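Try each one before you read its solution.

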Amino acid sequence: MYSPAIQNLINQFAKLPSVGPKTASRLVFYLLSKSRHELVQFGEALEHIQEKIKTCSVCYNFGENDPCPICSDSRRSRATVCVVAKPQDIEALEKARIYEGVYHLLGGNIDPLDGVMPGDIRLQELISRIKTQDVKEVILALNPDMEGETTALYLIKLLKQFPDLKISRLARGLPMGADVEYADEVTLESALHNRQII
């Protein structure tokens, strides 16, 4: 239907997560409507991504420097490590501008159905970090879905070998602006268990 060059680009975009063939073709035709200069800039950004972006040797987040800006910031507490699954989770927590510790990026969640086992994510790197650094608390900031819960439970079991280590999780419950009437049972249960005395 399309020329081989266009079809090849559609196929490349369709390999991205959550991008199906229709979205891929929309992206390709959007790019075709852009000027040559804009396409060159887009291509250069893709071409140089592996040269410019490094993985932080401390937390495993992506950045242009190693260690990353968060790990190299002397004002941040190394005693508190917030464990996240994806780089986007760090970005979301940083936007809140309240957390003053450091992070550990697992690089995914345990998901046996998808073939992701404990050895496929950075659990042992976290254990090594706790053994070699003066970590007092680990905050589990994992999504409250099946994979996040599986990973959290596995991590809690793994971290029990450190009796002085405080293990905490992000509180869960009703989000701001939500109606109690429309909340599901799991959210309401969590909100009731995590209620605060005022």
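**Exercise 1.** How many bridges join strand β5 to strand β6, and do the two run parallel or antiparallel?

*Solution.* Keep in mind that this is a predicted model. Start by finding β5 at residues 137-140 and β6 at residues 166-169. Four bridges link them, and the strands run parallel. For a landmark, look at Leu140, which sits opposite Arg169 in β6. Now follow the chain through helix α7, residues 146-159: together β5, α7 and β6 build a β-α-β unit, and its hand is right.

**Exercise 2.** Work out the strand order of the open sheet, then find which strands are at its edges.

*Solution.* Four strands take part, in the order β4-β3-β5-β6, with parallel pairing. The edges are β4 (102-105) and β6, since each of them pairs on one side only. Going from one strand to the next, the twist averages 25 degrees. Next, look for a helix lying on this sheet: α6, residues 123-132, packs there and touches β3 (80-84), β4 and β5. The direction of α6 makes about 150 degrees with that of β4.

**Exercise 3.** Describe how α6 and α7 meet, from the axes down to the side chains.

*Solution.* Take the axes to begin with: they come within 11 Å and cross at roughly 35 degrees. The crossing of α6 and α7 is right-handed. Then list who touches whom. From α6 you get Leu123, Gln124, Leu126, Ile127 and Ile130, and they meet Tyr154, Leu155, Leu158 and Leu159 of α7. Sorted by class, this contact of α6 with α7 has eight nonpolar residues, one polar and no charged ones.

**Exercise 4.** Are α1 and α2 parallel, perpendicular or oblique to each other?

*Solution.* Helix α1 covers residues 4-14 and α2 covers residues 21-32; they pack at about 125 degrees, with the axes 8 Å apart. Roughly perpendicular stops at 115 degrees and roughly antiparallel needs over 145. The angle of about 125 degrees falls between these, so α1 and α2 are oblique. Their crossing is right-handed. On the α1 side, the contact uses Ile6, Leu9, Ile10, Phe13 and Ala14. The α2 side brings in Pro21, Ala24, Ser25, Leu27, Val28, Phe29, Leu31 and Leu32. Counting by class gives twelve nonpolar residues, one polar and no charged ones for α1 with α2.

**Exercise 5.** Check two backbone spots: what is the phi of Ser18, and is the peptide bond from Asp66 to Pro67 cis or trans?

*Solution.* First, the background: most residues other than glycine have a negative phi, and most peptide bonds are trans. Ser18 has a positive phi, near 65 degrees, without being a glycine. You'll find Ser18 in the loop between α1 and α2. As for the bond from Asp66 to Pro67, it is cis, with omega near 5 degrees. Pro67 belongs to the loop between β2 (62-63) and β3.

Terms used
Residues are numbered from 1 along each chain as its sequence is written. This is a predicted model: local features need pLDDT of at least 70, side-chain atom pairs count only at pLDDT 80 or more; totals for chains, interfaces and linings use all residues. Side-chain values use heavy atoms; hydrogens and water are left out. Axes are lines fitted to C-alpha atoms, for helices over the stretch in contact, and angles run from 0 to 180 degrees between N-to-C directions. Angles under 35 degrees count as roughly parallel, over 145 as roughly antiparallel, 65 to 115 as roughly perpendicular and the rest as oblique. A crossing is left-handed if the near helix is turned anticlockwise from the far one by less than a right angle, and right-handed if clockwise. Contact means heavy atoms within 4.5 Å. Ala, Val, Leu, Ile, Met, Phe, Trp, Tyr, Cys and Pro count as nonpolar, Asp, Glu, Lys and Arg as charged, and the others, Gly among them, as polar. Two strands pair if DSSP finds at least two bridges between them. A crossover is right-handed if, with the strands pointing away from the viewer, the path from the first strand over the helix to the second runs clockwise.
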